[in-house]
Amino acid sequence: MGSSFSVTKFSLEGKVALITGASYGIGFAIAKSFADVGATIVFNDISQELVDKGLQAYMEQGISAHGYVCDVTDEEGIQAMVKQIEAEVGVIDILVNNAGIIRRVPMHEMSAEAFRQVIDIDLNAPFIVSKAVIPSMIKKGHGKIINICSMMSELGRETVSAYAAAKGGLKMLTKNIASEYGAANIQCNGIGPGYIATPQTAPLREIQEDGSHHPFDQFIVAKTPAARWGEVEDLVGPAVFLASDASDFVNGHILYVDGGILAYIGKQPSN
Ligand code: NAP
Ligand code: GCO
């Protein structure tokens, strides 16, 4: 008979978690849930103003987080930030590559510079930050890396070519980190959120001048078996699972938290 399962497997007590771009949105919600189960929270954002806003928001939740100003695309800055975190807070046990942008432009109208910027933040940066934390995880004998992927890791749609290319690449980067560092007891997995109500998707949910819902809002609700947009709270249980000892044999997996979108052809017309 194996040992009995304990809920402490989901605890993050004593763990240091770095969540990138976590002043608000999905990153903030994940960080708060990690703190709720004992983790020490470290986050970065692109400006002191945003870091201060984030620190205030964490404080209001009773969390004394550690905030650092750093652009995730700046490899030297990230290397220095990780060394500073290790000196001031401790070795990073859990990394969530959350920071990301989207640019919704028809591909034939998108500049190469705009395309590169999305790839830089959404794909190159997870490489840069993962590369910075892996050596200490190897020395420590364990680590968790969680990449925030997307429906666009699996599906395309109009106007999001750069984002889909980045998130598709992030899925494969996740699988490759899992492959290359599994023997060092580092698990790298992805979370693929569905359509979540955050500032990033606010333009897709704007109420129209006639008071009706945005056509895309109606489209997504019809494409989601749960018949609703996701909330950031829908993501935190899966995130705690992938950050905890409970997932030590889960590696290279993209956990889609999408209300069933990827399983569903879409609401059939009512006859
Ligand atoms: P969000 O509300 O736009 O927040 C993104 C965060 O990343 C912001 O704090 C942003 O800071 C930060 N950031 C952007 N560029 C950065 C950089 N170069 N360096 C450091 N921080 C940077 O987005 P969200 O909806 O919470 O999404 C978070 C992640 O989930 C993203 O990777 C996104 O692609 C992914 N995702 C979102 C959804 C959704 O439906 N919302 C679904 C699937 C996946 P600034 O405010 O300074 O830009
Ligand atoms: C879009 C949305 C999506 C979501 C998310 C879906 O314009 O299609 O922004 O890309 O952000 O990535 O999983």
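These legends accompany close-up views of a predicted model.

**View 1. Thr159, a non-glycine residue with positive phi.**
The phi angle of Thr159 is about 75 degrees. Thr159 sits in the loop that runs between β5 (143-148) and α5 (161-181). Its relative accessible area is 25%, so Thr159 is partly exposed.

**View 2. Asn185, also not a glycine, with a positive phi.**
Here phi is about 60 degrees. Asn185 belongs to the loop between α5 and β6 (186-193). The residue is partly exposed, at a relative accessible area of 31%.

**View 3. The salt bridge between Asp93 and Lys140.**
The structure holds eight salt bridges, this pair being one of them. The closest N and O atoms of Asp93 and Lys140 are 2.7 Å apart. Asp93 lies in the loop between α3 (75-88) and β4 (94-97), and Lys140 in helix α4 (residues 112-140), so the bridge ties together parts that are 47 residues apart in sequence. How accessible is Asp93, buried or exposed? Asp93 counts as buried, because its relative accessibility is 2% and the cut-off for buried is under 20%. Lys140 is partly exposed, with a relative accessible area of 39%.

Glu113 is exposed, with a relative accessible area of 53%. Arg116 is exposed too, at 52%. Both values count as exposed because the cut-off is over 50%.

**View 4. Asp234 and Arg228 joined by a salt bridge.**
The side chains of Asp234 and Arg228 meet with an N to O distance of 2.8 Å. Asp234 counts as partly exposed, at 30% relative accessibility. Arg228 is partly exposed as well, with a relative accessible area of 40%.

Lys140 is partly exposed, whereas Glu113 is exposed and so is Arg116.

Technical notes: Residues are numbered from 1 along each chain as its sequence is written. Chains are lettered from A and ligands numbered from 1 in the order in which they are written. This is a predicted model: local features need pLDDT of at least 70, side-chain atom pairs count only at pLDDT 80 or more; totals for chains, interfaces and linings use all residues. Side-chain values use heavy atoms; hydrogens and water are left out. Helices (H or I, at least four residues) and strands (E, at least two) are DSSP runs, numbered from the N terminus. Buried means under 20% relative accessible area, exposed over 50%, partly exposed in between (1.4 Å probe, protein chains only). A salt bridge is a side-chain nitrogen of Lys or Arg within 4 Å of a carboxyl oxygen of Asp or Glu.
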